[in-house]
Amino acid sequence: MSSRRSSRGAISDEEINELISKLQSLLPNSRRRGSSQASTTKLLKETCNYIKSLHREVDDLSDRLSDLMSTMDHNSPGAEIVRSILRS
Amino acid sequence: MASARGVLGVQGGGGGGSGRFKRALLRNLIIGLRKGGVASREMGFRERKDAIKRAADAALASARGAAPCWSRSLAADVVAQQHRSSGTANSSGECCKAPPPSPRKMIVCKKILRRSLRRPRPGNATTSKKYGAGVVARAMLMRKRTSVLKEIVPGGKALDVCTLMAETLDYAVSLKAQVDVMQLLVRILQEQNAIALEKQ
């Protein structure tokens with residue numbers, strides 16, 4: 001938990017840089033090419049693409065889950081696993 | 001921004017959220033899927049898929065809590081969709097009406113804008129000294145990028161740029177956790193199906 005807001009409502013340059021570098025490190029193919037600061041616009045574009053690709057993955061996974069669930073047997077061992085997860 | 005503490009709170013270990021967050025996600029997802037009756041044989045493919053997506057979004061928003069704006073906005077979207085699919089008319093009002101940006105926030109947004117403009121282009125050291133068409137073009141590009149981001153992040157339209165950045169970060173981390181949890185669920189069900197087939 002690295003929130004270091006100085007005072008309520010004030011955001012310093014340092015905090016903006018921190019946010020931006022966090023976004024940078026979050027993206028899957030972030031390469032440090034010499035300078036550690038990427039162009040902000042490029043970062044925003046890659047962030048957009050990243051989030052869009054995550055949306056597509058969720059959509060694809062929903063497809064597969066829908067397929068799997070249509071053939072699910074209620075008394076199978078899988079149901080046991082699911083129930084044990086719920087109990088923890 | 002008092003909410004910033006909550007907004008950055010999901011980043012535990014590694015990319016894709018903390019283990020505790022993912023466990024809560026998985027639990028919420030399974031509960032939500034059972035509530036949605038997705039294992040019933042009478043459901044059509046499309047209906048089941050929509051129910052799964054809704055359960056996944058609801059699980060994400062409820063596991064994340066009400067701290068970030070995107071989470072509240074997503075939860076409201078899920079409720080609105082449920083009402084739509086069940087046919088009941090219900091006007092769900094905007095839940096993320098951010099207050100108009102205070103003067104301080106306007107200054108901060110300009111800081112972000114200036115930061116992108118100040119960066120010298122490689123190979124051209126004099127750009128930062130000139131104020132010309134290049135600077136204006138970059139400002140327009142920034143605006144275009146942030147507007148795309150506002151469409152993608154739930155509830156982003158009501159936010160100013162600096163809040164949007166923090167929300168985007170939190171949303172991306174949480175989305176990744178949702179993807180991981182759904183992948184795990186797919187593997188569990190696949191293995192379960194394989195075991196069931198072997199027994200026959």
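A crossing of two helices is left-handed if the near helix is turned anticlockwise from the far one by less than a right angle, and right-handed if clockwise. In this predicted model, local features need pLDDT of at least 70 and side-chain atom pairs count only at pLDDT 80 or more, whereas totals for chains, interfaces and linings use all residues. Residues are numbered from 1 along each chain as its sequence is written, chains are lettered from A and ligands numbered from 1 in the order in which they are written, and side-chain values use heavy atoms, with hydrogens and water left out.

**Chain B and its helices**

Chain B has seven helices and zero strands; helices (H or I, at least four residues) and strands (E, at least two) are DSSP runs, numbered from the N terminus. Of the 200 residues in chain B, 42% are buried, where buried means under 20% relative accessible area, exposed over 50%, and partly exposed in between (1.4 Å probe, protein chains only).

Two packed helices are described by the angle between their axes and the distance between the axes. Axes are lines fitted to C-alpha atoms, for helices over the stretch in contact, and angles run from 0 to 180 degrees between N-to-C directions.

| Property of the H2(B) and H3(B) pair | Value |
|---|---|
| Angle between H2(B) and H3(B) | about 140° |
| Distance between the axes of H2(B) and H3(B) | 8 Å |

H2(B) and H3(B) are therefore oblique to each other; angles under 35 degrees count as roughly parallel, over 145 as roughly antiparallel, 65 to 115 as roughly perpendicular and the rest as oblique. The crossing of H2(B) and H3(B) is right-handed. Residues that make the contact (heavy atoms within 4.5 Å) include B:Leu25, B:Leu29 and B:Leu33 of H2(B) and B:Ala55, B:Ala56 and B:Ala59 of H3(B).

**The nonpolar core**

A nonpolar core is a set of buried Ala, Val, Leu, Ile, Met, Phe, Trp, Tyr and Cys residues joined through side-chain atoms within 4.5 Å. The largest one has 58 residues, and B:Leu25, B:Leu29 and B:Leu33 have the most contacts inside it. H7(B) gives the most to this core, with 16 residues. Leaving aside residues up to four places away in sequence, B:Leu29 touches B:Ala55, B:Ala56, B:Ala59, B:Val181, B:Met182 and B:Leu185.

**A residue of H4(B)**

B:Arg72 is found in helix H4 of chain B. At 33% relative accessibility, B:Arg72 counts as partly exposed.
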